[in-house]
Amino acid sequence: MAYTEDDLEKELATKEYKYGFYTDIESETFPIGLNEDIVRAISLKKEEPEWMTNWRLEAFRHWQTMEEPEWANVHYEKPNFQSISYYSAPSKKPKFDSLDEVDPELLDTFKRLGISIDEQKKLAGVAVDIVMDSVSVATTFKKTLAEKGIIFCPISEAIKEHPELVKKYLGTVVPQKDNFYAALNSAVFSDGSFCYIPKGVKCPMELSTYFRINQANTGQFERTLVVADAGSYVSYLEGCTAPSRDENQLHAAVVELIALDDAEIKYSTVQNWYPGNAEGKGGVYNFVTKRGLCEKNAKISWTQVETGSAVTWKYPSCVLKGDNSIGEFYSIAVTNNFQQADTGTKMIHLGKNTKSTIISKGISAGNSQNSYRGLVQINNRAENARNFSQCDSLLMGNKCGAHTFPYIEAKNKSAKIEHEATTSKIGEDQIFYCNQRGIDTEKAIALIVNGFSKEVLNKLPMEFAVEAQKLLEISLEGSVG
Amino acid sequence: MNLKDKLLSSYLTSQEHLDLDNSLHDIKDEAIKVFEEKGFPSKKQEDWKYTSLNSIIKQDFSLVSKQEDTIEFKDVKKYFIHDLDTYKIVFIDGVYSSYLSETTHDGVDVCLLSAALTKPRYKAVIDVYFNKIAPQDSLTSLNTAFAKEGAYIYVPKGKAVNKPIQILHFSTGNEANLMLQPRNLIVAEENAEVQIIERHQSLNGNAVFTNSVTEIYAGKRAMVDYYKIQNDKENASLIDNTHIDQQDSSEVSVHTFSFGGKLTRNNLNFYQNGEHNNSILKGVTIIEDKQHVDHNTLVHHKQPNCESHQDYKGIFDDNATGVFNGKVVVDSIAQKINAYQSNNNILVSDKASINSKPQLEIFADDVRCSHGCTIGQLDEDALFYMRARGIGVKEGRALLMYAFANNVLESVKIPQLKARITKLIANKLEVNLGFDV
């Protein structure tokens with residue numbers, strides 16, 4: 001029987017979340033609700049210095065005056081911020097020297113996720129800073145990195161051990177008061193990663209962290225800060241999976257990247273939070289603020305593969321402050337069932353000869369809504385700024401929607417901006433062409449979707465490309481591979 | 001007293017002289033309530049993010065011209081396309097000028113809305129079409145509440161208007177600040193055809209604020225060809241709200257030429273309520289000084305097998321700002337849609353700016369929708385090529401700009417109008433290259 005798009009649609013509708021399980025690790029969880037005492041308690045728990053506590057409180061006080069944004073093209077039941085617990089950490093906090101000491105149950109979790117630490121250590125040469133709920137429990141390859149002067153540690157540790165660096169850079173790209181969720185994150189972030197690459201150092205390995213939301217009813221508020229000093233290079237990977245939960249879980253992370261003169265940061269994400277079941281029940285709310293600052297000749301490149309979450313609200317951005325700096329954004333967003341994604345980027349051109357590239361691929365299936373929202377802004381002093389944007393959407397079935405909201409603002413006459421967008425379905429002639437050559441419809445759809453996303457997949461580091469392809473396959477299971 | 005309060009308080013008195021039946025009064029009462037609730041749009045609204053009406057609505061405007069205004073034909077002759085035989089509907093400060101006009105009731109109705117709203121013989125048409133196409137947004141509602149005059153064009157089934165129709169709005173400037181709210185209703189029944197040219201012109205530098213609403217109904221296989229010339233003085237502001245209802249196999253095209261005025265906002269909305277429609281939206285904007293032109297377009301594909309083509313070109317000099325906000329919506333039942341949208345801009349000066357927001361909202365899968373947007377400069381190599389052949393910088397640039405705008409001009413179907421617009425562009429670029437014949 002010929003495999004048609006209708007079949008694909010059916011398969012997509014019934015596909016279950018593969019990674020839905022729950023690890024029972026004794027957690028230490030704060031009472032639910034949010035007030036100044038909770039913020040103080042989090043800070044105390046993390047043994048933070050006073051300046052940090054005040055920084056959090058300032059953010060919290062401002063957050064109370066803010067309103068939840070409603071402009072995004074997503075509809076969801078607003079989280080009740082007083083019914084969430086803001087801190088959850090695995091209760092045993094041993095410092096491990098080797099993997100043997102890690103809680104076997106935890107290791108098993110990672111194995112089921114397909115992220116075997118030892119395998120990665122041996123094969124991929126990846127240093128993994130594993131964040132289980134909110135506290136980092138394992139950090140590998142620290143020595144190799146330390147030799148080069150690279151600091152890669154949980155941000156809570158960085159606050160204690162490298163306060164001068166954290167103080168100097170934290171909140172410089174995403175200020176505490178930037179937006180509703182950034183302010184919330186600034187007040188209550190429990191942990192995250194900190195990375196500093198010294199002058200002229202090329203980080204010898206891909207740095208990576210895996211975030212997981214584990215404890216029921218705990219929001220995950222990660223804070224990542226990556227600083228690449230002059231002339232340095234780092235490639236940073238981030239990947240997520242979350243267990244199946246019926247309550248909507250809130251994830252409000254902040255990622256700040258700072259690329260000083262001539263530095264380059266490559267930040268890749270594979271996001272596969274629990275998207276909710278086929279009826280649209282449950283799933284993670286993913287409200288993330290990611291932004292990078294480029295100084296002279298610096299380059300920041302964001303690559304993301306978004307397949308999970310019930311609601312995604314995410315705009316990895318670049319502020320191209322220095323002359324000749326470069327910003328790039330490559331994205332694949334796949335939505336299925338009742339998922340909603342409103343994602344895109346902002347490229348703010350401030351310096352001369354700045355360049356930016358935006359490639360966004362959206363694939364919507366089922367009853368999902370997929371939006372691209374992007375801003376390209378050329379300020380009046382940004383001579384010879386150059387932007388190229390391309391947003392393509394692929395629709396499967398007529399119950400889903402694809403939307404494009406590009407904002408293009410040019411204030412300099414030497415600016416060159418190109419933007420193009422297309423929306424279409426998989427062409428019958430394309431499938432026919434494959435059929436003719438003996439490729440069945442299922443494989444043909446796989447080929448075409450892969451080809452559609454290739455431009456972005458190619459930008460991922462090797463370690464991630466494999467996993468990303470796997471995720472695409474799972475997300476569109478039945479059609480791909 | 002701000003403008004909104006003034007409008008609200010003068011609403012009742014403005015209705016006293018009108019001899020309207022109850023259903024129309026109800027429509028107007030409803031409309032003023034909508035305006036009272038919503039007020040003038042502000043920059044906080046997404047659709048008005050880049051255009052502020054503050055500088056206009058803080059001024060005090062007279063809502064009616066108190067004097068009897070007369071102008072001589074020789075003074076305004078240049079604003080007519082006089083080498084073209086047309087029907088003419090001319091308004092001076094919002095009041096119909098019979099001696100400058102040429103209307104008809106011969107097979108088609110080309111006359112006045114005031115007549116249509118009050119005379120029983122038009123009631124059947126008014127009941128079906130008046131205020132039915134326009135959505136109830138604040139500015140359209142404001143116009144509905146005050147609407148009493150404008151063009152009324154009714155083309156019955158199978159008729160074609162034998163010559164184009166010019167609609168001209170002159171403001172004399174006898175009032176220091178005048179607000180005008182013309183309202184046009186154009187109905188083209190099955191297989192009907194009509195061509196319309198519309199222009200707003202102020203005759204001196206006094207401020208005028210026009211909030212115009214045009215409703216166009218295109219029946220099955222009807223053809224409507226509409227041209228808007230916006231080349232007003234530096235103190236004239238225009239908000240043009242045009243709402244178009246298209247039935248099966250109809251074709252409606254709207255060309256907008258924006259060359260002047262202080263603030264121009266075009267809300268151009270196409271609703272495709274039938275299959276096999278074709279909607280064409282084209283525009284050329286060439287502005288300088290502190291002028292501001294905002295094109296806000298919507299093409300709503302509600303039925304399958306339709307097409308839409310949008311092509312907007314803009315050239316911005318000095319401190320001019322341009323906005324393009326184009327939206328294409330495809331409903332889930334509207335399969336086999338071909339929607340194309342293109343917006344190209346050239347910034348000539350460092351202080352000019354352009355904000356472009358081409359949006360797609362697609363709910364159907366078997367469609368081909370694309371949009372493109374560019375912002376760039378004139379090709380230096382092309383300029384060099386011409387200079388090497390003895391063409392001056394200014395002329396060379398003008399040639400390139402003319403070429404840039406040309407594919408919009410090419411689709412103008414009335415040769416005399418095309419010549420006139422070419423001439424306007426040549427004047428605008430201050431060159432004489434012989435292309436403006």
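Which strand of chain B pairs with strand 24 of chain A, and over how many bridges? I looked this up and found that strand 24 of chain A and strand 20 (residues 368–376) of chain B pair in the antiparallel sense over 7 bridges, where pairing requires that DSSP finds at least two bridges between two strands, and where strands are DSSP runs of E of at least two residues, numbered from the N terminus. In this pair I noted A:His419 opposite B:Cys373 of strand 20.

I kept in mind that this is a predicted model, in which local features need pLDDT of at least 70 and side-chain atom pairs count only at pLDDT 80 or more, whereas totals for chains, interfaces and linings use all residues. Residues are numbered from 1 along each chain as its sequence is written, and chains are lettered from A in the order in which they are written.

Next I took the contact between the chains, to which chain A gives 32 residues and chain B 31 residues; two residues are in contact if their C-beta atoms, placed from the backbone, lie within 7 Å. On the chain A side, the elements giving two or more residues are strand 22 (386–395), strand 23 (401–410) and strand 24 (416–424), and strand 23 gives the most, with 10 residues.

Finally I turned to B:Lys228, which I located in strand 10 (residues 223–230) of chain B. B:Lys228 counts as buried because it has 24 C-beta neighbours inside 10 Å, the cut-off for buried being 20 or more other C-beta atoms within 10 Å. Leaving aside neighbours within four places in sequence, I listed the contacts of B:Lys228 as B:Glu198, B:Asp240, B:His255, B:Thr256 and B:Phe257.

How values were computed: Helices (H or I, at least four residues) and strands (E, at least two) are DSSP runs, numbered from the N terminus. A residue is buried if 20 or more other C-beta atoms lie within 10 Å of its own, exposed if 12 or fewer, and partly exposed in between; C-beta atoms are placed from the backbone.
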